[in-house]
Amino acid sequence: MPQPTMPDFSNNNNLIKRRKYLKLSYQYFVNHFISFLLIPIIATVAIQLARIGPDDIIATIKSFHYNPVQVLCSLFVLIFISTVYFMSKPRSVYLVDYSCYKPPITCRVPFSTFMEHSRLILKDNPKSVEFQMRILERSGLGEETSLPPAIHYIPPTPNMEAARGEAELVIFSAIDNLFAKTGLKPKDIDILIVNCSLFSPTPSLSAMVVNKYKLRSNIKSYNLSGMGCSAGLISIDLARDLLQVLPNSNAVVVSTEIITPNYYQGNERAMLLPNCLFRMGAAALLLSNKRREQKRAKYKLVHVVRTHKGSDDRAYRCVYEQEDPQGLVGINLSKDLMVIAAEALKSNITTMGPLVLPASEQLLFLFTLIGRKIFNPKWKPYIPDFKLAFEHFCIHAGGRAVIDELQKNLQLSAEHVEASRMTLHRFGNTSSSSLWYELSYIESKGRMKKGDRVWQIAFGSGFKCNSAVWKCNRNIKTPINGPWEDCIDRYPVHIPEVVKL
Amino acid sequence: MLMSKEENPIYDIKISSVGPGLISGRDAVQELSGMDLAMKLHYLRTVYYFPRQAFEGLTIINIKETIFLWLNYAYIPNGRFRKSDSGRPYIKCNDCGVRLIEARCKMSLNEWLESSDDAATHKLVVPGQVLGPNLFYSPLVLLQLTKFVCGGTAVGVSWAHVLGDAFSAATFMNLWGQATRNKYPAQPLLMAHFKTQAQNSKSPIKDPLAVKRVGPVGDHWVTSNDTKMETYSFDVSWADLARLQTKICVDKDYQQIPPFESICAAVWQCVAKVKHETDVKMVTICKKDSKYSFEEVFTNKGQRVKVVKTNVSPKELSPMELGLLIMNQVVDETNIIEEAIEFDNQLQDFLVYGANLTFVDLLDAPVYDLNIRGHKPIYINCAIDNVGDEGVVLVFPSQKYHFNGVKVSITFPETYIPNLKWMLKKEWSL
């Protein structure tokens, strides 16, 4: 009897469904391998015990002869091993809470205003004007990003006093907010780390904080400068290392980028891009290894993975601060920035993967790797599915291209990158603090639940790719007092490919 | 302090933009009525002089904050022009902002006001830009804050007439005063909506007498005058004005001629006597609509543009006859102008002020209602920029120190100004 001809797509649908179920069952089996092993063993033991009967069991136990010395030695060994274990276990580092700076309305620079000012400032260079227009149209920024007061002028009037003013404004506001949220007292801060890449006055910004809040004279303060947009996670790494050495301590980390002194006033195209993207922002975090903070801490730090590609000349020169032919200082972004970022990401993932991926993904990756090496190099490299390892992703909002690239490389859905895209739209590229605005977005949307794992990825000059993995410690209820408070209901928004002016 | 003519007393100029603090709405646009487009070539330049206490203790950031909050309630003037497919301009409400110019003056406020009260002086503290040639990137409203040595401040406002008349401009500024006292209106100030009548371009449109066709100006909304214009202004106290009225109104049986019309009659006759070659037989009168009050909106329809014609030369009529003509024989051409702006499916470029000798009544304009933190301006000067060759006479309230009355500001071809001054003094002691 002739088979009824099935339409092609129905066949395909079935195949896809079958593959999906196959993959799911494979994952479940491998990830719960131990359970699968234990169940038959426990079953066998239980059956055996049942067969022997309770009286026989008691008789068997009574027949053991207890030598007091042996018992004491075994107990001693046990206590010794557990003490060594607990002492050598790294201290858990908790993120108690954090606060993001929300700029006042006087700093707002709508899209059209920025374009108009650029036209007026660059009026002698129509080609540069056109270039900057094209960048802005496709940048993914919204109408509410902020620039410091000195940059509102035509032409901008950056000077040291204005830069210090901006630093005081953003850093002190963020820290005041952090104190209010956590109830932290200035005298209880043991470690202070401030990172700001492009503005590094003397005394340092961390000294500025110590002076303002009258912190203790034996405080361990650090100021990281020149380390780019990934410096926030470098500060976290440093805080974690310090908290291993100092028991029962609080660490405050302040991440920011001061825009005032870094507005490029020339007309070299490769150096105009940062002007279009960088905006005001800051974040202050409270990290602690105190046992009593565990209950109320929001997150637990699980891993920090740092990858530095600076040994490669191309990567080193990819984001380079230099003078243009007219002597004006700006940051030159090379054309192969995306390629280098992808390579740095690959390196980072290679180290991160074994730490976080479930066994099923690691096995598959291993098999594909072996297969490619031994059998057939033409096999497609297996990209592990990081969505199985994390519930939330915070990709540094460096620019639309960066987010697009990572979404493609990690095969993430639109919802996974929503926090990054919306942060870029609402706040622009706030450099090292953008990860915290994104985390705040996820919390404000009510998507963060206890046990959720978050992956923060940041790129920066050098070229560096740094990641941090956090685990949510408790359920976080909305509404939260954060920078998204008044506008979260308007998000997510659709960001057009090209914004019509 | 002696100021040489070449030395500019204004220095330390900084330019920035200030817009609404809150986002005003995605892709919001504002269509313009025919009357708005008819007035597009004119600009209102007003300066408010404030004493030291008004802005005392405020940094520029504090002042900008009040402006950001103010403009939340008046977001339309922050937009920029765009053109629809048919070429008709409209305003895109993209929050681009007003241009803010900060400046300092080497003199004190009293010295400044005493040195001279002429138009050239006031021009130094008001922005003088026009719309275009880059129409899409030209601000509609510009503010200049000039700080004097004593702490007094001059607030200069340049307002594109396309947004609305002087009454709308004054209402717009008064909102700022409210913002400085933390008072805000219930709704933002919007542009008045009017239903556009169906255009019947086939029927021949009678050319309105009150306008002069110019251009095409394209995207640069400015014209040039054939003769150089100069502005001469003088104060008239209420007492003197009452005397003027009685002098004009010799016959008590006829109706009483109000202050504005009396001034119109007096000036019209003097101009006719001074200008020998042409008979100034037609003038334009711009007065606020007495029937409808357009509160809480920007509009160009609140001011009616009317034309008065005489058959004989005004020199031969008595001032009272002129006054009665102005009151009773005016023809309201506002609607005709609105229809004529779109002739042959193409937008025309009109000059309204100055097409004929134009008298503008701003006596009711609430300019002295601008209250900054409880302080009113000690002096105000109004001017209209980019007017036609026939001249413009502005009448607005004037309160300087203890003086209370009106100011008459005449913009006229410069060659006639000396004679006009002499004639006004001779005939009316003005």
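Select residues 28–49 of chain A: this stretch is 95% helix and 0% strand, and its end C-alpha atoms are 30 Å apart. Helices here are DSSP runs of H or I with at least four residues, strands are runs of E with at least two, and both are numbered from the N terminus. This is a predicted model, where local features need pLDDT of at least 70, side-chain atom pairs count only at pLDDT 80 or more, and totals for chains, interfaces and linings use all residues. Residues are numbered from 1 along each chain as its sequence is written, chains are lettered from A and ligands numbered from 1 in the order in which they are written, and side-chain values use heavy atoms, without hydrogens and water.

**Stop 1: chain A**

An unreviewed UniProt entry annotates residues 28–49 and 69–87 of chain A as "transmembrane region". UniProt annotations may be inferred rather than shown by experiment; their positions follow the numbering used here, and feature names are shortened.

Next, select residues 85–373 of chain A. The unreviewed UniProt entry places "domain: FAE" there. The span is 42% helix and 18% strand, and its end C-alpha atoms lie 39 Å apart.

Now colour chain A by domain. Domain 1 is 40–89 and domain 2 is 94–490. These bounds come from an automatic or database domain assignment. The C-alpha centres of the two domains of chain A lie 52 Å apart.

**Stop 2: where chain A meets chain B**

Show both chains. How many residues does each chain bring to the contact? Chain A gives 21 and chain B gives 27. Contact means heavy atoms within 4.5 Å.

The two chains bury about 2,100 Å² between them, 55% of it on carbon and sulfur atoms. Buried area is the accessible area (1.4 Å probe) that two parts lose on being put together, summed over both.

Zoom in on B:R80 and A:E116. They form a salt bridge, with the closest N and O atoms 2.7 Å apart. The term means a side-chain nitrogen of Lys or Arg within 4 Å of a carboxyl oxygen of Asp or Glu. The rule finds three salt bridges across this interface of chain A and chain B. Select helix α5 (residues 111–121) of chain A: with six residues, it gives the most to the side of chain A that touches chain B.

**Stop 3: inside chain B**

Chain B has domain 1 (26–191) and domain 2 (212–428). Their centres, taken over C-alpha atoms, are separated by 23 Å. Here 64 residues of domain 1 of chain B are in contact with 60 residues of domain 2 of chain B.

The area buried between these two domains of chain B is about 5,600 Å², and carbon and sulfur atoms give 63% of it. Select B:M35, B:L41 and B:F167. Together they supply 15% of the area that domain 1 of chain B buries against domain 2 of chain B, more than any other three residues.

Then find B:K83 and B:D219. Their salt bridge has its closest N and O atoms 2.5 Å apart. Finish on α5 (166–180) of chain B. Which element gives the most to the side of domain 1 of chain B that touches domain 2 of chain B? It is α5(B), with eleven residues.
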